[in-house]
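Colleague: I'd like to learn how to read a protein model, one feature at a time. Can we go through it together, starting from the surface?

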Amino acid sequence: MINQYKFEDEPELRDLFITVDDPESHITAIETFITYRVVTKTSRGEFDSSEYEVRRRYQDFLWLKSKLEEAHPTLIIPPLPEKFIMKGMVERFSDEFIETRRKALHKFLNRIADHPTLTFNEDFKIFLTAQAWELSSHKKQGPGLLSRMGQTVRAVASSVRGGVKNRPEIFTEMNDYVEIFSQKINVLDKIAHRIYKEEREYFNEMKEYGPIHTLWSASEEDIADSLKGVASCINKCCKATEKRMAGLSENLLPILHEYVLYSDILMGVLKRRDQIQGELDCRVDALANKKTEKDLFSEEIGKLEDKVECANNALKADWDRWKQNMQCDMRSTFTNVAENNLHYYEECLATWESFLASQTVDLHVEEDS
């Protein structure tokens, strides 16, 4: 049945399905945290079973992301929701926060599952299948502190050396594109949050506006029906506004913020590619200045050239895939927002037009009588 399932607009059949659900709070003497159930269904031969169910906390997702970045430094790893959120937006561990994070974690895993390379990563498989104690044991097998410090020192040293000499033009264009994209997506994200905030303020005021007309109708017998009609229209528009706000918070805001995070990820990927290129340039310069050990340097340069070529090819392929997904997401998101806006205004307009028509009929009846 899994093999027979086919996504729209996808030529290949999917063989890996992941669901993140059932958030559960855990309170200990040291900390309070949430775990999520991760259910995996698959028909792949490398899995021992066709279905797995494990529980994971946010730190486990962070571990998976870091392992993917370590194994595939020039692939675009999907973003995770931030550990901390902006103060005043929503309380931590509230139902709204937990559900927003659950959706983001669900999307994170499914983006990895849909990726042609990341989906076969061994750490990803362990994340999906290992029980909690097995995962903890596997985590301890990672690189030690000194190894991580060495990686950090090399990264800093590479960045201090300055720009890359022989960077291909295509990656310079990518870098320019990301800088412009980052500026624009951040502006869109801020505007969308401002629109949502203004919409919420409008909604809160409108909730108080309807009952006032209802109370007023009790003291005005001659226009009581008209005032009740106005109150009814306001209440209907209030519900439509609440629905519109839900559409913004569930569809527009998460997508825009996800690509704000993607812009930072892209910058990091391009920097890592430049570090690999910089390491090659450094060895080439060293070979030119050294008269001895040329064979050793030549062999090392050959390996670095292969590493740079692999990194370039991986990034170029992933870049095209990411741009296609981004354009599809943006087109779908803004089309959905436009359709919701049209429906919202049509609904509100129909509500008031119906009220006005009823008042016109009542006016003609009074004139005839």
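Colleague: Which residues make the nonpolar surface patch of about 230 Å²?

Modeller: A patch is built from residues with over 30% relative accessible area and no salt bridge, where like charges are joined within 9 Å and nonpolar side chains (Val, Leu, Ile, Met, Phe, Trp, Tyr) within 5 Å. Here, Val187, Ile191 and Ile195 make it. Areas come from the Shrake-Rupley method with a 1.4 Å probe, and for residues only the protein chains shown count as cover. Keep in mind that this is a predicted model, where local features need pLDDT of at least 70 and side-chain atom pairs count only at pLDDT 80 or more, while totals for chains, interfaces and linings use all residues. Residues are numbered from 1 along each chain as its sequence is written, and side-chain values use heavy atoms, leaving out hydrogens and water.

Colleague: How many helices and strands does the protein chain have?

Modeller: There are 8 helices and 3 strands. Read from the N terminus, the order is β-β-β-α-α-α-α-α-α-α-α. Of the 369 residues, 36% count as buried.

Colleague: Now the rings. How many aromatic pairs does the structure hold?

Modeller: In general, you describe a pair of aromatic rings by the distance of the centres and the angle of the planes. Rings of Phe, Tyr and Trp (its six-membered ring) pair if their centres lie within 6.5 Å; planes under 30 degrees apart are stacked, over 60 edge-to-face, and the rest tilted. This structure holds 12 such pairs. Take phenylalanine 61 and phenylalanine 127: they are edge-to-face, 5.0 Å centre to centre with 65° between the planes. That pair links distant parts of the chain, 66 residues apart, with phenylalanine 61 in helix H1 (residues 58-71) and phenylalanine 127 in helix H3 (residues 122-129). Phenylalanine 61 is buried at 0% relative accessible area, and phenylalanine 127 is buried at 0% too.

Colleague: Which residues form one aromatic cluster?

Modeller: Tyr177, Phe181, Tyr259, Tyr262, Trp319 and Trp322.

Colleague: Why does the salt bridge of arginine 111 and aspartate 329 tie together parts of the chain?

Modeller: The closest N and O atoms of arginine 111 and aspartate 329 are 2.9 Å apart. Arginine 111 lies in helix H2 and aspartate 329 in helix H8, so the pair ties together parts that are 218 residues apart in sequence. Salt bridges that share partners join Lys107, Arg111, Glu258 and Asp329 into one network.

How values were computed. A salt bridge is a side-chain nitrogen of Lys or Arg within 4 Å of a carboxyl oxygen of Asp or Glu. Helices (H or I, at least four residues) and strands (E, at least two) are DSSP runs, numbered from the N terminus. Buried means under 20% relative accessible area, exposed over 50%, partly exposed in between (1.4 Å probe, protein chains only).
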